[in-house]
Amino acid sequence: MTDPNAFSPGAPYGRRAGDYRYRSQALTGPVIVWALYLGGFVTGGLTTFIGLIAAYAMKGGATEAAWSHYIFAIRTIWVGLAWVVIGSLLFAVGLPLTLVLIGFVFLKAAVLIWGVLGLWFVARSVMAIVYAIKDEPYPRPRSWLI
């Protein structure tokens, strides 16, 4: 039987194996990355870019749980960027075509893609923060959806 108050051999001096502060420190980095991602809505994407760099930088020495969050964060940016490009191409094609009234369909499709993409990005970020706060790895880090 394991004593919950016993010191863990791998834990730093003064920390107990069941100490919540010790367990959650491994996922502080991913929470910061996700907060930077969400801050990108206020800063025009600057903090999102900083979060991407941080995710790449911290991925190497991360625990398995943190690694899953970093992979999920990196994939979120690249998949999102691909959809931004698709929406931008639709917008660029639709803008001159508005002269013949067919371009409005392309413009609406671009705006719809950007709107759904924003909701998708926020949903992924919030779900990842929830898993990180619960001190759990993200269950599907290579998923395209949530």
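**Surface patch, aromatic contacts and selected residues**

The model is predicted: local features need pLDDT of at least 70, and side-chain atom pairs count only at pLDDT 80 or more, whereas totals for chains, interfaces and linings use all residues. Residues are numbered from 1 along each chain as its sequence is written, and side-chain values use heavy atoms, with hydrogens and water left out.

**Nonpolar patch**

- The patch covers about 890 Å² and is formed by Tyr 56, Trp 78, Leu 81, Val 84, Val 85, Leu 89, Phe 91, Leu 95, Val 111 and Trp 114.
- Patch members have over 30% relative accessible area and no salt bridge, and nonpolar side chains (Val, Leu, Ile, Met, Phe, Trp, Tyr) are joined within 5 Å, like charges within 9 Å.
- A salt bridge is a side-chain nitrogen of Lys or Arg within 4 Å of a carboxyl oxygen of Asp or Glu.
- Accessible areas follow the Shrake-Rupley method with a 1.4 Å probe, and for residues only the protein chains shown count as cover.
- Helix α4 provides the largest share of the patch, with seven residues.
- Val 85 lies in helix α4 and is classed as partly exposed because its relative accessibility is 44%; buried means under 20% relative accessible area, exposed over 50%, and partly exposed in between (1.4 Å probe, protein chains only).

**Aromatic pairs**

- Seven aromatic pairs are present in the structure.
- The pair of Phe 72 and Tyr 138 is stacked, because the ring centres are 3.9 Å apart and the planes meet at 15°.
- This pair joins distant parts of the chain, as Phe 72 belongs to helix α4 and Tyr 138 to the segment after α5, 66 residues apart.
- Phe 72 and Tyr 138 are both buried.
- Tyr 138 also forms an edge-to-face pair with Tyr 131, with 5.1 Å from centre to centre and 70° between the planes; Tyr 131 is likewise buried.
- Rings of Phe, Tyr and Trp (its six-membered ring) pair if their centres lie within 6.5 Å, and planes under 30 degrees apart are stacked, over 60 edge-to-face and the rest tilted.
- One aromatic cluster is formed by Trp 34, Tyr 37, Phe 41, Phe 72, Phe 121, Tyr 131 and Tyr 138.
- The charged end of Lys 134 sits over the ring of Tyr 131, 5.2 Å from its centre (NZ of Lys or CZ of Arg within 6 Å of the ring centre and within 35 degrees of the ring normal).

**Individual residues in the helices**

- Thr 76, in helix α4, is buried, with a relative accessible area of 0%.
- Leaving aside neighbours within four places in sequence, Thr 76 is in contact (heavy atoms within 4.5 Å) with Trp 34, Trp 120, Phe 121 and Arg 124.
- Leu 52, in helix α3 (residues 46–59), counts as buried because its relative accessibility is 8%.
- Not counting residues up to four places away in sequence, Leu 52 touches Tyr 37, Ile 74, Ile 77 and Trp 78.
- Val 31, in helix α2 (residues 28–43), is partly exposed at 26% relative accessibility.
- The C-alpha atoms of Val 31 and Ile 129 are separated by 5.8 Å, although these residues are 98 apart along the chain.

Definitions and conventions
Helices (H or I, at least four residues) and strands (E, at least two) are DSSP runs, numbered from the N terminus.
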